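Subject: Structure handover

Hello,

Please find the structure below. My notes on it follow.

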Amino acid sequence: MPNRFLVQRGNFRIDTDPTLLQLDVIHDFLSSRSYWARGRSMEIIEKSIAHSLCFGVYDGEKQIGFAAVRSHYGGEQAVGVGAVLKHG
């Protein structure tokens with residue numbers, strides 16, 4: 001696993017710390033509001049997150065964005081998910 005990535009601008013933060021991800025927020029968006037993962041179970045989303053480099057986007061403590069990069073940490077990566085979950 002690569003080193004933690006963290007960028008903060010004012011109240012907004014992008015962080016790769018997996019313990020900060022709000023799985024309920026991510027699951028709600030992906031399973032009920034995205035077209036590409038509609039109906040996906042929490043179990044499948046958790047498994048996908050466990051095997052990806054994930055970026056959470058936060059406004060204070062509230063998660064407002066999420067991106068997952070699938071990688072073997074060698075030379076190939078692919079962005080699998082990227083979405084602004086909610087803001088405002």
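A contact here means heavy atoms within 4.5 Å. By that rule, and leaving aside residues up to four places away in sequence, Cys-54 touches Asp-15, Thr-16, Leu-21, Ile-49, Phe-66, Ala-67 and Ala-68.

On the source: this is a predicted model, in which local features need pLDDT of at least 70 and side-chain atom pairs count only at pLDDT 80 or more, while totals for chains, interfaces and linings use all residues. Residues are numbered from 1 along each chain as its sequence is written, and side-chain values use heavy atoms, with hydrogens and water left out.

Core

A nonpolar core is taken as a set of buried Ala, Val, Leu, Ile, Met, Phe, Trp, Tyr and Cys residues joined through side-chain atoms within 4.5 Å. Buried stands for under 20% relative accessible area, exposed for over 50%, and partly exposed for values in between (1.4 Å probe, protein chains only). The largest such core has 13 residues, and those touching the most other members are Leu-21, Ile-26, Leu-30, Ile-49, Cys-54, Phe-66 and Leu-85. At least two core residues come from each of α1 (23-32), α2 (42-50), β3 (53-59) and β4 (62-71). Helix α1 gives the largest share, four residues. Helices (H or I, at least four residues) and strands (E, at least two) are DSSP runs, numbered from the N terminus.

Hairpin

Strands β1 (residues 6-9) and β2 (residues 12-15) run antiparallel and are joined by four bridges; two strands count as paired if DSSP finds at least two bridges between them. Two residues lie between the strands, and Gly-10 takes a positive phi near 60 degrees.

Aromatic pairs

Rings of Phe, Tyr and Trp (its six-membered ring) pair if their centres lie within 6.5 Å; planes under 30 degrees apart are stacked, over 60 edge-to-face, and the rest tilted. There are three such pairs. Phe-5 and Phe-55 are edge-to-face because their planes stand at 70 degrees, with ring centres 5.8 Å apart. Phe-5 lies in the segment before β1 and Phe-55 in strand β3, so this pair ties together parts 50 residues apart in sequence. Phe-5 is partly exposed at 40% relative accessible area, and Phe-55 is partly exposed at 21%.

Tyr-35 and Trp-36 also form an edge-to-face pair, 5.1 Å centre to centre with 85 degrees between the planes. Tyr-35 is exposed at 74%, whereas Trp-36 is partly exposed at 33%. Ring pairs link Phe-29, Tyr-35 and Trp-36 into a cluster.

Regards
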